[in-house]
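Hello,

Here is the structure I promised to pass on to you.

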Amino acid sequence: MRYLSGTHISRRAMLKGAGAAIGLPLLDAMIPAGRAYASTATGKAADKTRLVCIEQVHGAAGCNSWGASQNLWSPADTGRNFDLSPSSLRPLEPFRKYLTIVSDTDSRSADAHAPAEIGGDHFRTSAVFLTQARPKQTQGSDVRVGTSLDQLYVQRFGQDTPIPSLQLSIENVDQAGGCAYGYACVYTDTISWASPTQPLPMIRDPRAVFEQLFGAGGTPEQRAERLTTDRSILDWVMGEMSSLRRELDPSDVFRLDQYAQNIRELEQRISRIEAQNTSGEERQIPEAPAGVPDSFEEHVKLMFDLQVLAFLSDTTRVFSFKIGRDASPRTYPESGVDRPFHASSHHGGREDRVKAFAKINEYHVSMVPYFLERLQAATEGDGNLLDKTMVVYGSAMADGNLHNHARCPLFLVGGANGALEGEQHIRARSGTPMANVMLSLLHKLGANDIEKFGDSTGHFAF
């Protein structure tokens with residue numbers, strides 16, 4: 001690849017080497033001379049909203065009747081003057097101007113509608129979260145639910161990126177066949193459905209995500225050599241990077257160098273984790289791939305950093321992220337609670353245990369500000385990535401103790417290119433489907449042709 005001084009670089013230009021291909025961040029050299037950024041095809045593409053959908057499994061303590069009275073999830077006040085201090089959403093206070101809390105919507109498609117379905121909530125809820133459609137009860141391959149929100153967005157606006165979307169997870173989600181209560185494991189293994197019958201696999205290993213984003217190209221042997229010789233992916237493209245730097249102005253050089261440094265640091269973090277996990281020392285999660293940290297927090301932050309770099313290079317604009325697994329026995333001692341997650345969600349309505357589960361919910365939410373900080377620090381064109389991103393965070397389960405799906409937890413954060421006003425708490429009318437919210441989000445994302453989503457009954461007013 002050759003760059004000529006005075007010509008503009010394609011937004012899809014890449015740095016390539018044997019077994020490596022790295023997309024570039026948005027550079028001034030990609031904007032045709034004499035034209036305003038926003039008026040160019042490059043500017044219009046870069047300003048398309050990024051979408052991140054995060055599932056918090058098994059509801060929230062604040063959706064229990066006593067927890068709701070204590071505002072352990074939803075603030076007491078609606079409108080702009082809400083108080084987050086009693087709630088598990090307290091870590092989001094620094095980003096309240098980007099925050100929209102939607103309380104009391106239902107995900108009734110996850111309910112049991114027949115005696116044979118009773119007890120299968122764990123195996124319906126994840127499938128319902130982004131589809132708001134009813135899963136077919138089957139343990140075979142004839143699964144059916146609905147096309148998920150993220151994939152409806154991809155079908156309309158994600159086909160011009162190298163990777164239309166990526167699906168990430170923190171816990172093991174690669175079971176096969178039937179799980180329990182007559183449901184296939186795939187219903188709880190993923191939250192993304194490309195069609196009602198096409199579930200998308202989720203990636204748990206940060207190394208695998210890194211390789212998809214930056215390791216494509218060359219032969220399998222070349223990629224294997226790069227890994228076995230412990231050379232950075234940047235070493236393989238350094239010649240082209242050096243040539244490119246000579247053609248750029250100082251501001252673009254700084255932007256390119258900062259981007260390269262972030263890639264190198266992330267690659268080094270993954271390599272250190274792999275070295276630690278293959279050292280022979282006892283692991284907390286021995287079944288996990290070598291690239292998966294034992295630390296939940298480190299794992300989540302790695303996945304968030306990968307998403308930011310993918311957005312910067314416009315490799316993809318859509319992620320779904322499953323941060324837990326229903327019925328998980330994992331513990332989160334950093335939350336101040338030593339009891340396993342699933343057992344904590346079954347608190348029996350006891351006030352002390354409801355409070356303990358709220359601490360775990362707060363710990364999970366506390367991961368999100370790290371992502372928001374990284375997005376806000378990432379400049380692109382006339383703004384930053386936080387202003388251009390919509391994050392949807394929630395669950396299709398409400399009270400995990402009762403396995404019900406009424407008054408589920410849900411919040412939105414990010415500027416979404418002006419589509420979300422932010423700094424508001426909206427309490428839905430009783431019986432409002434969460435599908436109404438998601439239908440309106442699809443419209444805010446530009447998919448105005450969609451008239452119904454899941455079990456929606458109408459639009460939701462923000």
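With which side chain does the side chain of Ser192 make a polar contact? The partner is the side chain of Ser320, at 2.7 Å. A polar contact here is a pair of N or O atoms within 3.5 Å; within protein, one must be able to donate a hydrogen and the other to accept it, and residues adjacent in sequence count only if both atoms are side-chain atoms.

Before I go on, please keep in mind that this is a predicted model, where local features need pLDDT of at least 70 and side-chain atom pairs count only at pLDDT 80 or more, while totals for chains, interfaces and linings use all residues. Residues are numbered from 1 along each chain as its sequence is written, and side-chain values use heavy atoms, with hydrogens and water left out.

Back to Ser192: you will find it in the loop between helix H5 (186–189) and strand S8 (193–195). Helices (H or I, at least four residues) and strands (E, at least two) are DSSP runs, numbered from the N terminus. Ser192 has a relative accessibility of 0%, so it counts as buried (under 20% relative accessible area; exposed is over 50%, partly exposed in between; 1.4 Å probe, protein chains only). Leaving aside residues up to four places away in sequence, Ser192 touches Ser148, Asp150, Gln151, Gln167, Gln198, Pro199, Leu200 and Ser320, where contact means heavy atoms within 4.5 Å.

Next, a helix pair. The axes of H9 (residues 250–277) and H10 (residues 296–312) come within 11 Å and cross at roughly 150°; axes are lines fitted to C-alpha atoms, for helices over the stretch in contact, and angles run from 0 to 180 degrees between N-to-C directions. H9 is therefore roughly antiparallel to H10 (angles over 145 degrees; under 35 is roughly parallel, 65 to 115 roughly perpendicular and the rest oblique). On the H9 side, the contact includes Tyr259, Ile263 and Arg269; among the H10 residues in it are Glu298, Leu302 and Leu309.

Best wishes
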